[in-house]
Amino acid sequence: MTIHRWTWQSKLTFTLAAALILILALVPAFASDSVNERLTVLFIYVILAAMWNAMAGYGGLVSIGNQLFFGLGAYMTIRLADAGINPFAAMVLGAVIVAGLSWVLSLFMLHLRAGEFAIGMWVLASIAHLCVNLDPLIQGETGTSLISLNAYAIADRRMMIFWAALIGMVGLLALLFAVLRTPSGLAMQAIRDNEEAADSIGVNPMRTKRLFFVLAGFGTAVAGALWLAQVSAFQPKTYFSVQWTAYMIFMVLVGGLGRFEGAILGALIFFAAETWFAATGVWYLIGLGAAALLFSLLLPKGLWGWIATRTGVSLMPLGYRVHMETPSK
Amino acid sequence: MTGAATQAGPEARLTGAGIHKSYGSLPVLNGIDFSLTSNEAVGIIGPNGAGKSTLLSVLSGATPPTQGTIQLNGSDVSDLPARDRAAHGLVRTHQIPKPFSGITIFENVLVAATHAGARRKGEAYDLALDALDVCGMLPVANRPAESVGLLDRKRLELARALATSPRLLLLDEIGGGLTDAEASELVDTIRSLRARGIGIVWIEHIVRILLQVAERLVCMDAGRIIAEGDPETVMTDAQVVSAYLGGAPA
Ligand SMILES: Nc1ncnc2c1ncn2[C@@H]1O[C@H](COP(=O)(O)OP(=O)(O)O)[C@@H](O)[C@H]1O
Ligand SMILES: [Mg+2]
């Protein structure tokens, strides 16, 4: 008997993904500004979906307050850049600080049970929003902007932000994939399915959940910092809005909760819907709501869940397959 | 046989002294003294609601006792969570199976092997495969746990506990609803574990099965041990007959 973790499909997927990333890296050389900007947005959506999925899909940590990390990531970037740090370095450092803060928050947040945790995260996001408003640098809801980015010429700036978002997305997806494939990744899924049973066989639920909470805090903060770089303006209420978490939930539910490919697919679908229909205003929102409803009724495992169960395909496998060699000799 | 071959090392011993447990105002355990070594198989019987499962929960660390102490290999583990007791070789199964339904049978068992049983990756694979083999679950190793029936879920409880390479194994009604053939297979399995030097507590209603394995029998009623000792003697004890068997000797 042997244990296998890769399939030929997954090897092909990763080869194609590597090629795609290379092509994407060259996009700024030939594509228009608006294409660059839209792709940057797509990369940020993929990060947001993957990080929410990391918590809810693999850890059962359903949160409606992940705008906390998003807003703080942007805010820390503003703060550090104001202190004279290079804006791109500030984005990374800001996300690291948010990760540290998530570690502190995890000490009490992870003791909350399902619904309490979800709401508690929202409450925390609201408190953070209020605190950020108190910072004179932000000027209340008037907001401020990441002016230090103006040191770069506009074309250079756009290209650098594009690459930062691409690197951020690829790096965070790779990190999440790697973590999910460690014993802690499997333990996290065990905790999601039955915490008491996981504890009974040696798993430390608190430590494992903390790993995922901090990872999601870090990744979502990177997304917030990238968003700030992209739009430049920082108004607290647009960053600490629950709308961000609503988008994350939509992407993950439509793509497939607890499926690595699902979050990416969901982000693509959401991005396409926004690109084509956002101009229709209220109908766009009604459409999103209806789509979410239809998916939860008809395809509860999301689009990727439906595809994977029907075809048995696994492009980015996290699990283990036991192969029985038939004793032929 | 791979990984979890015969357990070496000195005898393991679990002792619970003066254990009381209440849920709110409801007393469930009323002063239990119980011990188990890695050199014996003990059966526990008693009517529904006697507190048998609660005793396993308290001994394994799933829930703290209201009063009393628990010792494992001579040290007080009363405040140690279940995961740490599992790392020290004490593990239990659940009467109502608690599978990790979103992952495969093999992955369920692998979680146990990587977190309590083994240190190195290859060793964990061997432990997990061996545990599945012992429980006859290799054919369903790649099935999602949510897709298997109650019988396999019960087997999975045993396989998962086994993958922690326990010295002391607490089993809670893993034999309910079995056919005669399946039951005698289970008896063989438990005997083979006993032969590996694993100490066993087995709660079961089907006394006939239990008597094929247990060297000592404990009968509980209303949170107390009402009889204990040689199985034949316990089964004919007047209190046991009236409390558990409803008046007619088995
Ligand atoms: N978590 C709990 N909360 C409240 N009461 C419980 C709990 N677990 C068990 N009980 C009660 O404790 C008593 C003993 O239950 P249990 O230990 O499961 O008995 P047995 O396994 O012998 O059938 C029952 O009356 C049951 O209702
Ligand atoms: Mg019971």
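Student: Which side chain has an N or O atom 2.8 Å from an oxygen atom of ligand 1?

Tutor: A polar contact is a pair of N or O atoms within 3.5 Å. This is a predicted model, so the distances are computed from predicted coordinates. Here the side chain of Lys52(B) places an N or O atom 2.8 Å from a ligand 1 oxygen. Thr54(B) also contributes through its side chain, at 2.5 Å from an oxygen of ligand 1. Gly49(B) uses a backbone N or O atom instead, at 2.8 Å from a ligand oxygen.

Student: How much of the accessible area of ligand 1 does the protein cover?

Tutor: On its own, ligand 1 has 560 Å² of accessible area, and the protein covers 59% of that.

Student: Which residues surround ligand 1?

Tutor: Read the shell by residue, then by element, then by class. Among the surrounding residues are Tyr23(B), Val28(B), Pro47(B) and Asn48(B). Gly51(B), Lys52(B), Ser53(B) and Thr54(B) also belong to the shell, as does Gln95(B). Helix H1 of chain B, residues 52-60, supplies the largest share, three residues. By class, the shell holds six polar, four nonpolar and one charged residues.

Student: Which protein atoms are donors to the magnesium ion?

Tutor: The magnesium ion is ligand 2, and its protein donors are OG of Ser53(B) and OE1 of Gln95(B), lying 2.0 Å from it. The two link distant parts of the chain, 42 residues apart. Ser53(B) sits in helix H1 of chain B, while Gln95(B) is in the loop between strand S6 (90-92) and helix H3 (105-117) of that chain.

Student: Why does Ser53(B) count as partly exposed?

Tutor: The class covers values between 20% and 50% relative accessible area. Ser53(B) has 22%, so it is partly exposed. Gln95(B) has 31%, so it gets that label too.

Student: How many bridges join strands S1 and S2 of chain B?

Tutor: In a regular strand, side chains alternate between the two faces of the sheet. In chain B, nine bridges join S1 (residues 13-23) to S2 (residues 26-37), and the strands run antiparallel. The hairpin has two residues between the strands, and Gly24(B) takes a positive phi near 60°.

Student: Is Tyr75(A) buried or exposed?

Tutor: Buried means under 20% relative accessible area. Tyr75(A) has 12%, so it is buried. Its place is in helix H3 of chain A, residues 67-82.

Note on methods: Residues are numbered from 1 along each chain as its sequence is written. Chains are lettered from A and ligands numbered from 1 in the order in which they are written. This is a predicted model: local features need pLDDT of at least 70, side-chain atom pairs count only at pLDDT 80 or more; totals for chains, interfaces and linings use all residues. Side-chain values use heavy atoms; hydrogens and water are left out. A residue is near a molecule or strand if one of its heavy atoms lies within 4 Å of it. A polar contact is a pair of N or O atoms within 3.5 Å; within protein, one must be able to donate a hydrogen and the other to accept it, and residues adjacent in sequence count only if both atoms are side-chain atoms. Accessible areas come from the Shrake-Rupley method with a 1.4 Å probe; for residues, only the protein chains shown count as cover. Helices (H or I, at least four residues) and strands (E, at least two) are DSSP runs, numbered from the N terminus. Ala, Val, Leu, Ile, Met, Phe, Trp, Tyr, Cys and Pro count as nonpolar, Asp, Glu, Lys and Arg as charged, and the others, Gly among them, as polar. Two strands pair if DSSP finds at least two bridges between them. Donors are N, O and S atoms within 2.8 Å of the metal (3.2 Å for Na, K and Ca); water is not among the atoms, so sites may look incomplete. Buried means under 20% relative accessible area, exposed over 50%, partly exposed in between (1.4 Å probe, protein chains only).
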